[in-house]
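The stops below say what to select next.

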Amino acid sequence: MAILETLDLKKFYGSGETAVHALDGVNLSVEEGEFVAVVGTSGSGKSTLLHMLGGLDRPTAGTVTVDGREIFGLSDEELTIFRRRKIGFVFQNYNLVPILNVYENIVLPVQLDGRRPDGAYLDQVIEALGLGEKLQNLPNHLSGGQQQRVAIARALAAKPAIVLADEPTGNLDSRTSQDVLGLLKVTGQRFGQTMVMITHNEEIAQLADRIVRIEDGKIVGGGRS
């Protein structure tokens, strides 16, 4: 069953002959529990695609359906709530709150939604990511790899339908990158998460179940399983 689907997704910047077609008719389907890597060079449209999949920007045309909901049919407020509950994000720059400790950063999305974290579930996530001894640390006392593991735990905390990772190893060395991606894949499988990862790194992409290639705003391979 497809948990994420786009239909003729387009994003244009500008108009007329000078318009930039960042996405130009993208059709993509991701099955529940699948780990998909979207690969493309700089300027290929992969980051724009991720922003559309996560409802961070609205398309010029086309649809994005996540867990049965066409997300751009929602109002801005409804989309914010849906995104917080159904979509987890892992960013290249971690985006941790510097004045919050590790545990506070992990549970922040759940608390922002006015809910209580599922303690037993979070304990499993924290254990799987090897963060048990770091919960009271502030982000600036962690290595890059540890910060990214916190970001993964935060993305999983709300039990989202899908996790979107934007160049999650872009600031890490090759060995740490392999460790973090291995953890991302293992935790995804363990907790039944669907993962879509944007990367320009072919070696990293090989860890995914399927590789989707994007060029000049168009899917040129692997768009549908």
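Over how many bridges do strand S1 (residues 2–13) and S2 pair? Select both: they pair in the antiparallel sense over nine bridges. Strands here are DSSP runs (E, at least two residues) and helices are runs of H or I of at least four residues, numbered from the N terminus; two strands pair if DSSP finds at least two bridges between them.

This is a predicted model, in which local features need pLDDT of at least 70 and side-chain atom pairs count only at pLDDT 80 or more, while totals for chains, interfaces and linings use all residues. Residues are numbered from 1 along each chain as its sequence is written, and side-chain values use heavy atoms, with hydrogens and water left out.

Within this pair, pick threonine 6; its bridge partner in S2 is leucine 28.

Next, select helix H1 (residues 46–53). Six of its eight residues are buried, so H1 is largely enclosed by the rest of the structure. Buried means under 20% relative accessible area, with a 1.4 Å probe and protein chains only. Leu49 and Leu50 are among the buried residues. Glycine 55, which follows H1, has a positive phi, near 70°.

Finally, select Ile106 and Leu156, which touch the most other members of the largest nonpolar core, a group of 39 residues. Such a core joins buried Ala, Val, Leu, Ile, Met, Phe, Trp, Tyr and Cys residues through side-chain atoms within 4.5 Å. H5 supplies its largest share, seven residues.

Methods:
Buried means under 20% relative accessible area, exposed over 50%, partly exposed in between (1.4 Å probe, protein chains only).
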